[in-house]
Amino acid sequence: MSATHQLSPVAKLEQKTVVDLIAKGKRLDERNLLDHRQLTIMFGKIGKANGSAEVHLGNTKVLVGIKIETGDPFSDTPDEGILTVNAEFVPLASPTFEAGPPDENSIELARVVDRGIRESKAIDLKKLCIQPGKKVFVVFVDIYVLDHDGNLIDAAALAALAALVNAKMRAFEVAEGELTYKDEMLPLPIENHPIPITSAKIDGAIVVDPSLEEEEVMSCRITVTTDKDGKVCAVQKGGLGVVTPDEVRKIVSTSIGKARELRSKILSGET
Amino acid sequence: MLANQQVRLIDENGLRVDGRRLDELRPIKVEVGVLARANGSAYIEQGKNKILAAVYGPREAHPKHIALADRAVVRCRYHMAPFSTEERKSPAPSRRELELSKVIREALEPAIMSEYFPRTTIDIFIEVLQADAGTRCGGITAAALALADAGIPMRELVAACAAGKIEGRVVLDLSDVEDKQGEADLPVAYMPKSNIISLLQMDGQLSEEEFVQALEMSIGACRKIYDMQREALRGKYLVVREETEEKEEITEVKA
Amino acid sequence: MHLVAPGELLAEGPYFAGENTYREGSKIFASRVGLADVVGNKLIVVPFKGTYLPRLDDIVIGRVTDIGMSGWQVDISAPYPSLLPLSETPIQRGGETGRRDLGRIYGVGDLAIAQVIAFDRTRDPLLTTKGRGLGKVTRGRIARISPAKIPRIIGKKGSMITMLKKETGTEIIPGQNGVILVIGRGPDQERIAVEALYIIEREAHTRGLTDRVRAMILEEMKGKSVG
């Protein structure tokens, strides 16, 4: 059951500071309204996992580990591998995170990241079939939030994508129903690179990559995930605030542009 | 290497699978103050272990009824990431994680001056990002630093290390393959200044003589690790000083 | 002054164990990470970090979190919620004052500058806003730093804070709990002052800090239309 949260733990005066600055086109950390914080992507930190990546977006830090195991396929997709995305909001990342089963926020994040990967067909799941109807590869994407300073969705989705790109699995051969592994390590069959852009609506203005202070003041956030051809493949609005259709059009258009910028930055190795 | 394949743990030169001598620690790297939101934090790499520890507190006790009248409640959570082990581990806490949370808290609490903060909680979180045996010890070493980094008054730091027995020989700091195939594992947490052991566990088979040998080996290692902890604190808090002194020099040259 | 960690031996002999140290027999040890110093024959450790622990007479800046029967609950960034009773405010009362009226004096989310008038091991801190300079915060910008660094913000005999106020043209009220109020003629002055505060927090224990910060402020103020 989902219930209203407590009021924002930020003093009214501090909220006003954020809003007043934004009205002048600046943010607390001196960024422009559409600028991202510093983005760093580190690959392969967890050698024991099949793949891993850690993303720092400002002070937000998210680590993703990929484990590839075998399992039964779903009955409605007998010839496809399985992708499963899980997120842990571990208590060390924020004083607001409690130990326990995933809450609605971590579940929403996991599902939004999943949607971006699945709807852009980033992984060719058909190539992960070992024996149709009997055995397939299961790709576990485990998102671990380490430090929460706002915009967990973008940091997590970028880390998930980076980890999938980094992932390696044993090459395999199926002969007469028998699965044998070869020595060779192969990358996962990645066909697309979904990039999320989250914007927050603060007092009528739109800011990209909200920091924690901005999230505490925003009325709502909208995440738009685009693929390598600029097609929108996932959208999620979060928060109690509301948006007009015009605002939505503007946000989607801005997000497509920002995703393109970010994509070329990442591919050119600037991060 | 597939699971269940037995390997020779000590070769003809007395060296172990990773090239270490019997009494040698795995390479250790420790860093303090790695997280922005936690009050204190530390990160340790020991061999293939990668462990993050963070502390929040002292803070208001939630729920109120757990508060103690005369001191802080110390809480500890040891948890492993699903991708930290060879086979993916379910994120839900296992019985092992619950047991380790308890013994780790009992290893650290004696060092904390919790009587200064009645009716509050001090929360310690240990996340194992990659595991290769000896994670409770690595966790304690990192958590002690996180507590110090948080500015929580302590009698002293706590260091931890395990010793054990493989192929009939007592060895220090078992790796995962050694722990799985070995004959005994003895994790120890130790406070060098007071000469106190605050965590002691053992499973396997050891003669009295071997037990004493393993214990002394662990304690010796704990002393070395304690020095590394002090270095890590020095490294974190002296860096700013050096950085800004460099800036000072540049300003002088320009003038 | 040298860097010490908990458990480090500071001295043996006829010294007093001051803040953040403890005595065991004839030896005195550090109990927190910080810089060890000697004040007369008292050994102390100046800590780098730590949660704010209220002390009697401290001036603090807190946020109202709840309205009760006869006062307000205030978050002063301590591990204990503090109470500001109506009777400790300079409000004239005629007749009954209900919760709605209390809400009009301080609402949830409002900030107040208050003084700690009671606190001990058995009860939560008690605040007052009776006194010069105390009361509701209506304008300005808030900076939040580690409470351990507040003495450095103030400086020896107020030297640092006086310099900050003069060079940025702002009023600066530091709460002992690490919350600082900056009121300037405009947002640029406030921003520069807040930036200076964060630099001081980061570089508190370095030489020549006051001059460096003054230089930064003058540089920044040049680029802004002042007034």
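Two strands pair if DSSP finds at least two bridges between them. Helices (H or I, at least four residues) and strands (E, at least two) are themselves DSSP runs, numbered from the N terminus.

The model is predicted: local features need pLDDT of at least 70, side-chain atom pairs count only at pLDDT 80 or more, and totals for chains, interfaces and linings use all residues. Residues are numbered from 1 along each chain as its sequence is written, while chains are lettered from A and ligands numbered from 1 in the order in which they are written.

## Chain C as a whole

Chain C has five helices and 16 strands. Its C-alpha atoms fill a box of roughly 65 × 55 × 20 Å, taken along the principal axes. Of the 227 residues in chain C, 41% are buried. A residue is buried if 20 or more other C-beta atoms lie within 10 Å of its own, exposed if 12 or fewer, and partly exposed in between; the C-beta atoms are placed from the backbone.

Chain C is divided into three domains, with bounds from an automatic or database domain assignment.

| Domain of chain C | Residues |
|---|---|
| Domain 1 | 2-47 |
| Domain 2 | 59-136 |
| Domain 3 | 141-222 |

The C-alpha centres of domain 1 and domain 3 of chain C lie 29 Å apart.

Two residues are in contact if their C-beta atoms, placed from the backbone, lie within 7 Å. Among the contacts in chain C with a separation of 6 or more, 57% join residues 24 or more positions apart.

## Where chain C meets its partners

With chain A, the contact takes nine residues from chain C and seven residues from chain A. The chain C side there has five nonpolar, one polar and three charged residues. Here Ala, Val, Leu, Ile, Met, Phe, Trp, Tyr, Cys and Pro count as nonpolar, Asp, Glu, Lys and Arg as charged, and the others, Gly among them, as polar.

With chain B, the contact takes 23 residues from chain C and 30 residues from chain B. That side of chain C has ten nonpolar, eight polar and five charged residues.

## A three-stranded sheet

Chain C holds an open sheet of three strands in the order S14-S16-S15, with antiparallel pairing. Strands S14 (141-144) and S15 (170-174) of chain C are the edge strands, each pairing on one side only. From one strand to the next, the twist averages 20 degrees.

S14(C) pairs with strand S16 (residues 179-184) of chain C over four bridges, in the antiparallel sense. Which residue of S16(C) is the bridge partner of C:Arg141? The partner is C:Val182.

Helix H3 (residues 159-168) of chain C lies across S15 and S16 of chain C. The helix runs at about 150 degrees to S15(C). Axes are lines fitted to C-alpha atoms, for helices over the stretch in contact, and angles run from 0 to 180 degrees between N-to-C directions.

## C:Glu190

C:Glu190 lies in helix H4 (residues 187-202) of chain C. Is C:Glu190 buried or exposed? C:Glu190 is buried, because 24 other C-beta atoms lie within 10 Å.

Leaving aside neighbours within four places in sequence, C:Glu190 is in contact with C:Gly140, C:Arg141, C:Thr170, C:Val182 and C:Gly184. C:Ile142 is 48 residues from C:Glu190 along the chain, and their C-alpha atoms are separated by 9.2 Å.
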